Structure formats: structure tokens, C-alpha cells
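Q: Please take a close look at the aromatic rings in this structure. How do they pair, and where do they sit?

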Amino acid sequence: MKWLELLGVRTTKFIEEVGQVFLLFLQTIKWSLRPPLGFRNILKQMEEVGVRSIPVVLITAVSTGMVLALQSHTGFKRFNAESLVGTVVALSMTRELGPVLTALIVAGRAGAAMAAELGTMRVTEQIDALSTMAANPIKYLIVPRLLAGMLMLPILTIFSDAIGIAGGYFVAVQVLNVNPVVYLRRTTDFLEYDDIYGGLLKAFVFGIIIATVSCYKGFNTEGGAEGVGKATTGAVVLSSMLILISDYFLTAILF
Amino acid sequence: MGEPMIQLIDLYKSFGDNRVLQGVNLTIERGETMVIIGGSGSGKSVILKHIIGLMKPDRGKVIVVGQDLSTLRERALDELRKKFGMLFQYAALFDSLMVWENVGFSLRQQTHLNDREIKQAAIEKLSMVGLRGVEDRMPADLSGGMKKRVGLARAIAMEPEILLYDEPTTGLDPIMADAINELILEMKRRLQVTGAAITHDMTSAYKIADRIAMLYQGKIQAVGTPDEIKNSSNPIVHQFVTGSSIGPIKTV
Amino acid sequence: MRLSAEARVGLVVLLGVIVLTYMTFTVGGYHFGRETGYRLFALFDTVAGLDAKSGIKVAGVEVGKVEVIALQDGQAKVTLRIKPEVKLRKGTEAAVRATGLLGEKYIELIPGKKEAYLKDGDSLTVSEKVADLDRLINQFSGIAADIKMVSASLREALGTDEGKQSLKDIVANIRELSRNLSVTVKDNRENFTKAVANIQEASSSLKTDLPKLMESLNRTSEKLEAIATKVERGEGTLGKLIQDEGIYKKLDSTLEGLSNITKKVEKGEGTIGKLFSDEKAYDQITTALEGLSNAVTRIERFKTVVGFRNEYQFDSHENKGYFSVQLQPREDKYYLLELVDDPRGRVTQTTTQIDNNPPVVEYNTEHRLKLNAEFGRRFSDLGLRLGLMENSFGAGADLYLFNDALKFSADAWDFNSDDPLNNHPHLKATASYSFFKYLFVQGGYDNFLNRKIDTGFAGAGLRFEDDDLKYLLGSGMLKAK
Ligand SMILES: Nc1ncnc2c1ncn2[C@@H]1O[C@H](COP(=O)(O)OP(=O)(O)OP(=O)(O)O)[C@@H](O)[C@H]1O
Ligand SMILES: [Mg+2]
């Protein structure tokens, strides 16, 4: 029964943590409504989360689109419906893979960096120092990160969608010899605004999750360098889990 | 004497099983510098963090300028904190900001000065702590003693009413240490600053203190002027100020 | 050249917006402002597989897109948006086609020959002539199944002497039956006419249909009789079959062959065979079949819902019971009949005046069942009811939410009542929520304009649809046996 007990403890801890993350999110929202917002800080975080994540996001997206084309082509060929590859690639990228893969990558890259940075600030008393200078740490540290996450995740997802579709097109047309005109028609005909914007809405939520979870983990770091390490892994694990869980519910609600 | 500026009333604080403060009572009056001495790990830094509201006591009260910290809401606490400057034991410089941005942080938050003016003010404060030409460096590129002095410059940047120094001279050479002591005295003379300083350096303590308080086993064992402490008959105080390993304070 | 942080972030955001705008405009042909082109309408029996935005083609060339598909009287009303430069002559016919076995559906227009051109708002005739792939597949599958069944049963029936005898018996029976039928029809002609006369008042459409029906019944019986005679005389194929041994033998071997073919089909040999053994094709066929049968049942279904419910009234601590039958000829239309057992009963007023004495008013409360008879229409999530409510004229509205699980109703009736405590119209607001299929709970406020007898209430009830009823009755009967 030991493991059952452990499972119970873990679950309780997980739920508790999610609750605290949510409370932090509410507080951050509250603080983000109080001007002035440090524009410089937001910009800096937007660069950190958005601009610097572009290469890895693009590489992932293009390879995903290509693999998707290759794999689905094998299936559709059997029904002489090769052009449907375009539909599959476009729908999978915009609705699911674009937002989710982007979010997982950003969680691993920028989320980990956020947790590590804030964790270090916590253990070296920099967060305390902020408080003593009457600068609210949530407003100064978390608000810019949250705003950057909320804004940049959808933008990264747009790129991911576009590049993924382009990758699929390249493989289908250049390698598998699917008729390019028909392929494009199948892509645009079946793709709806809802698919694209639903995906972006997902990305928006994922951006919130990544920023809030990572900041939460960083803020609650204890125990020096080791603690910072733990906070960093914890942030990536928790935000990835929440991304995947919420993805299910978002899909159920949105589409 | 004068009115009380900071009052600690029956403070208790534990971290798990580690009972750090067990009924601390201490009053710091307006314009005086109180030096807190005590063994390593006895809870001196914890006291300072209670004074500025970074830690909440398990029991007891912290009253600053007549206001009970536990009753203050976020914003009122922030307002009160604008009266404070604090030097952290390990400086706690923002390592994503340049030295001058660290020193000018409060100026940027609380005034409408532009970058050039802030940098000018920061350079001036840095020169007061004996630093020149470091304003464009990052904190990671500084030595421990330099960081300490940047931290001090940051603490005095807004010319606050209350200054908390956590070991201002530790890690400095004797000449620089004395210069810092002079600076602390200068701040008091010029701005009537109320101060609370922690130090292990008794020379420094005698020099800057109006009164000295000795913390031991979670309680203030004695409070008095430097002379009273120097000549105290309390065996604990006597052992500490003479720096002897023989006496009631056990090292192991 | 190194860009500043501002420039880099700005560039990325801007590029993102541009890409998004491009994608938005590319998918499904976004239009600014008004749609271009003109609209035509067509009513199909079924458009299974067709979607909004499906293509419209003339001779394989795309001329527009399907705009809306809506249900109208059990048929699919399709709005076609035709490009402005495409001119179509009157008499153009429309048909749903598929591009291949798995291909998408589109609408094919067969151009008309008349002089005039179709204009915005015109309706198209639906072409029945062109068999599309779906229908072809349906027919194949139907034919194959039929052949198999016929061959199997005929073999059985004809394989033995007994079988032959029974076939003869069947023919005799048919004869008997048809004779009886014609006698019955003749005997009851008067009754039928009377019934028709009655119904005539209610329904004008039945008036024309019923005599026709009678006539065709009559004709059928005559025909059956003729066939039976012919068969007996050995005329026609079936007759010969029974009389002539040689033909019978031939037939037997033919049947053998047929059954071989069907076996082959089953094993997946040959083209049709492949079609049937291929999982995908099979699925396609079944969905097509389902679509067809759905369309049929939608028209044919005449749903009956039977239910009862009880409301507990908080103020009077009394119970009000309802028994209801709902007849629903169409998804969006129903008749509701309810018996209401109202504890408050029926209040009547009698005024008696004897000579010059002031009139005496007596109130008479009878515990009596009341009747609701309402006609209801559904408009998407909104339902409206009109008719008799507790023996007086009334109207009500329902708002359906969450797949009809949650329902808010407002009712008003009894606009001029004899009841002295009920001198304002009777208003009632109800919220009800269905659990599972049968059970629902409800609560609300009743009669809030009449301060003396207004009350909150809570209740629960059961409702069964005809399928459930069949099941319940069936299992009940099994138990009884
Ligand atoms: N945030 C904290 N969490 C848990 N324990 C803490 C925390 N801060 C301080 N402590 C514990 O409280 C005790 C007192 O710490 P404090 O930093 O006040 O010591 P100190 O008197 O300043 O010592 P030193 O002279 O070495 O700086 C120590 O045992 C320390 O482990
Ligand atoms: Mg300390």
C-alpha cells in the first residue's frame, strides 16, 4: 500500500501546486492592470521568449510538417487520395501540433530560463532586495514574463503553422510528386479560420501556463544552487504536463 | 531620550524545528545607530528582515514609526519601505542590471529622473563608497568587497530615514572598512538617519554604535552604550566582546 | 548590422501578423464586405456528405460554392452561391455528386435549354435521373443481397415436393386474400365514405388521398386475383415455373450459378467483390445507407412521448400531478396533451339573485382534472406553445440549453378566471433538468401575479419515447409470460 499512499500524496501535491499557480496568475493579472508597466522589461522578455525561440521552433515545425506529409502519404496512397495529405498537414499543424509543440519547446527553453533566473534571484536575496526597494516582485518580475508569454506564444505558433504547412508541401510536391495545385486546394479548402484561431487561442493559454508555472517555480525556490536546479526541472515538467492536460480540454471546448 | 523609531516586541520565529528568535525585545530610537552583535547563525539577519517586513513573526509585533507592520496592506507597506535602505549580507545585487542601474534602481522606480541624471547620481553614490569607474560593469565582474560597497551605495541612494546594514565591513580591508564606518557616521550626522547594523567586527561596532545589543539563544541578552558593553559583567557579553573561546558560549 | 531589441521584437511581431493575415485570407476564400455572385436554391432529399463551401460545377468546371445547408420540411435546402459571370439558363438541374469513392461531394449542375436565364433567388429542380456513385453502390448492395436471399429461399422452397406444394398453397392463399380484400372494400365503402366525410372537415389533403387509396386498394386486389388465376393456368413465368418440370430444373441450375456468384462476391473476388470486401468502401457504403435510412426515417418518424410528473407546492404543501402525451410528427412540431390533477381544482362562480335581495355569489371548488392541449413549434433552441392550458386559453415559451438537458419555460394562461383568488392571469416559470434519458427534475415559481396563491414548487418526472415504451412493454410482457 506504500505506493498507493505515495500516489495520493503526489496527486494532492500536484493539485495544490496547480491551485497556487492559479492564485499567482490572478495576482499577476491584478498587478498587470496597475500602471506603469515597465515597457523595457516586457520588451526584453518578449525577445527572450519570442525572438530567441524562433530558430528552434521553426526547425521543429518544418520537420514535423515534413514527417506528417511523409507518414500520411503512405496511408492515403492506398486510396488514391494523396492530395488529402495537404488537409491532414494543415489541420494537424494549426489545430494541434503547431501550438503544442511550440509550447513544449518554449517551456523547455524560455520557461526553464525563467525558473532558473528567478530561482537564482530568490536564493541570492535579490527578490527580497526588490521588495525592500518598494518594487513589487510580481509586478516587476512576473508581469513582463506573463505578458511576453501571452503575446509571443501565438506569434511563434503562427510561424510554426506556416512553416509546418510549407514543409509538408515541400515533401508532398517535391518528393512524393503530389499535384501541387490540388494539394494547395485541399489545404485551403478544408482549413477554416476556426482551425487557425482556435490553435492560436490554445497557444495563448499555453503562454500563460508557461510563464506562470515557471515564475511560480522560480519564486518558490529553496536551497541554493541545487534548489535552482530542481526549480528549473520542476518548471519544465509541470508546465509540460499542464500544457498537455489543458490541450485536451481546450480541444474539447474549442473544436 | 528620543521617540522610538523601531520597536520589536516579544518576537518569536522558527524555521521548522529551528527556533531562531524566542522573545526578542528591542527598541531603536530616532537618530541612533543600534549595532546588533551575536554569534554566527544566532538570527541577526532574521531580525533585520523582520524590521523591514520581509519576514513575518510567528508571534510578537514589529512597530515602525508607530505602525504595526502586521496590520499594513501591501501598498501601505510599500510606502513605509520607501523610508528604508537596506544593505544585504551578500549584497543581493541584481545581476541582470549594470552597476549604475543597480544603484539607481530606486531612483528609476520612484522619481522621474531620466537615465542620464540617474547615472550621474549613481556615480556620485559610488564614489562615496570608494568606487570609481565600475558603473558600466555587471555585478558578476566585481569582487565580494566591491559588491558589498555597490550594495551600500544602492542602500543610501534615496537618502532614506532608516538604514539597515547587514555586516557592512565584512570582507573589506581595514582601511576601506574604516572609510565605510566614517560613511555610516556621516549619514547619521548629515541626515539624522536611524540605523541598525550587524557586525562581528568589534572595532567597527564601538565606532559607529550609539548602543549595542547582544543576541544569544534567541533573546537580546544585553543592551547598552559601547562603554557599558565593553565593561559588562554579563559573562556571555564579556566572552563575546573579548573574543574568547572559554566561557558560557560553547563553540560546539 | 545589429538590430536593437525593440527592432527585433517589432520585426517578429509584424511578420507574425502578416503571415496570419495571409493565412486568414487564403483559407476558404475570405471576402471583404459583401459576397459576390447570385444565389440559387435547391431542395434535395439528402445531401449526406455535402458541406457548406462544397464546390458547384458545370461540366466539371467550378462555378460557385455551397453557402448554407438547412433543413426544410425534412428535406435539405441548399443555398448555392454562383459566380456573377456565370449565366445559367432556366431548366438547369442540380445533383449531388462525388469525385470518387472517397472523394468529396459537390453539386453538379446540368444546364437547362430554355431561353431565359436564372436570376438571384430562383430555385433549381433536382435531377433524379443521374445515378451518383452512392446510389449505384446502394443498388449494387441491395441487388446482391436480394439475389442471395431469393436464390437461397427459392432453392429451399423449390428443392422438395413439399416446397412445390407450399408454393401452390401460397398462390391459393393470395387468391383467397385478394377476394376477401375486394369484398371487404366493397362492403365497407359506405363506412369509408362516412369516415372520409368526417375527416374532410379536419384535413383537406386527406380528402383527396383517401379515395385514391381506396381505389388503389381495390385495384390491387383485382390485380392479385388476376395474377393468381394466371399462375394457376400456367401462364407467365411463375405459372410456367410451377407447371413445367423442365423449366424448374433449369431454374434450379441457374440458382446454383447465382449462389456461386454471391459466394464469390462474399469472398471478395471480382470488381464488385472487392468493393464489398474493402473495409473503407464498405464503411462508405454503410454510411451512405445510413444516410438514406436516416432521411427516410426522419420523414416517416412520428415520435410519441409519454410522461408524468409531480410538482410539490411549497406554500400549500400540496401536490400537482400531470400525465402527458406528446405527439411529434416532425422534429420541430408537436402536439401536447396533458391531464392535470390540480389540488386547487376548478373554481366556478354562481350568482343567484332572488327578487330584490342583493345577489348572492357562491364559489364552487371542484376537485377536477384539467386539460392541456397545446400545439408546439421548435425554432432551434426556442420553443413556442399555444393552446388550451388548464381548460383556458394560454401560451408558453421554452428555452432549451445543453442539448435539451436544461429547459426554461414560461407559461401564461387563465386570462379571465372565475376564481376570486386568481383574478390575475396565471403565470408560471419553470426550470427543468433531465438526467439520463427518462428522469427529469424541475423547480420554479407558480402564479406569481396572484399574491394569495402564489407558490414555489419543486418536482420530478419521468418521460418515455416510443422506443423506450416498446422496450418497457416488451420486457413487461416477457415477465408476464
Ligand atoms: N529563510 C530561511 N529559511 C530557513 N531557515 C533560515 C532562513 N533564514 C535564516 N534561517 C536560519 O535562521 C538562523 C539564523 O540565521 P541568520 O541568517 O539570521 O543568522 P545570522 O545571525 O545573520 O548569522 P551570520 O552572522 O552568520 O550571518 C540560521 O540557523 C538559519 O539557518
Ligand atoms: Mg547574517
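A: Here is a walk through the aromatic pairs. This is a predicted model, where local features need pLDDT of at least 70, side-chain atom pairs count only at pLDDT 80 or more, and totals for chains, interfaces and linings use all residues. Residues are numbered from 1 along each chain as its sequence is written, chains are lettered from A and ligands numbered from 1 in the order in which they are written, and side-chain values use heavy atoms, with hydrogens and water left out.

Over all chains, there are seven aromatic pairs. Rings of Phe, Tyr and Trp (its six-membered ring) pair if their centres lie within 6.5 Å; planes under 30 degrees apart are stacked, over 60 edge-to-face, and the rest tilted.

Take A:Phe22 and A:Phe25. Their pair is tilted, with 6.2 Å between centres and 40° between planes. Both lie in helix α1 (residues 2–32) of chain A, three residues apart, so about one helical turn separates them. A helix here is a DSSP run (H or I) of at least four residues, a strand (E) one of at least two, numbered from the N terminus. A:Phe25 is buried at 16% relative accessible area, while A:Phe22 is partly exposed at 48%. Buried means under 20%, exposed over 50%, partly exposed in between (1.4 Å probe, protein chains only).

Now chain C. C:Tyr335 and C:Phe375 are also tilted: 5.5 Å between centres, 45° between planes. C:Tyr335 is in strand β10 and C:Phe375 in strand β13, so this pair ties together parts 40 residues apart in sequence. C:Tyr335 is partly exposed at 36%. C:Phe375 is partly exposed at 32%.

Finally, A:Tyr140, B:Phe94 and B:Phe105 form one aromatic cluster.
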